[in-house]
Amino acid sequence: MLCADTVDVRWEDQETGRTRRMMANLDDISQFGACLLLDCSIPVKTHLRLAHSNGELTGKVVYCVLREVGYVTGVEFDPSSMWSQEKYRPEHLYDPRRLG
């Protein structure tokens, strides 16, 4: 699902051991993962939490690529933390299958 919303992202910095926190743009979301736009890089395999208006989702970074707009970051949700519209509906949500 394509979407637009902001989420609070938290992860442990692998170098310092400190918790890092940043607001991210949520670009798309599915049952198994999401794509975020961040201002900094997060290493692949880093575990993180995405806090949203109804709770949080947990997962790990599967890619993080620098683009013109920032760091495009793919997150795979933990099996116990899969997304559904009933749990959390982003502010703007669009199903591209509805085209046509």
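Please keep in mind that the model is predicted.

I will start with the strands. Strand β4 covers residues 47-52, and strand β5 covers residues 55-67. The two run antiparallel, and six bridges join them. To find one place where they face each other, look at arginine 49, which stands opposite threonine 58 in β5. Between β4 and β5 there are two residues, and the two strands form a hairpin.

Now follow β5 onward to strand β6, residues 70-77. How many bridges join β5 to β6? There are eight, and this pair also runs antiparallel.

Next, the cysteines. A disulfide is a covalent bond between the sulfur atoms of two cysteines. How many disulfides does the structure hold? The number is zero.

The cut-off for a disulfide is a pair of sulfur atoms within 2.5 Å.

Last, accessibility. Is cysteine 35 buried or exposed? Cysteine 35 counts as buried because its relative accessibility is 8%, and the limit for buried is under 20%. Cysteine 64 has a relative accessible area of 21%, so cysteine 64 is partly exposed.

That is the end of my part.

Key
Residues are numbered from 1 along each chain as its sequence is written. This is a predicted model: local features need pLDDT of at least 70, side-chain atom pairs count only at pLDDT 80 or more; totals for chains, interfaces and linings use all residues. Side-chain values use heavy atoms; hydrogens and water are left out. Two strands pair if DSSP finds at least two bridges between them. Helices (H or I, at least four residues) and strands (E, at least two) are DSSP runs, numbered from the N terminus. Buried means under 20% relative accessible area, exposed over 50%, partly exposed in between (1.4 Å probe, protein chains only).
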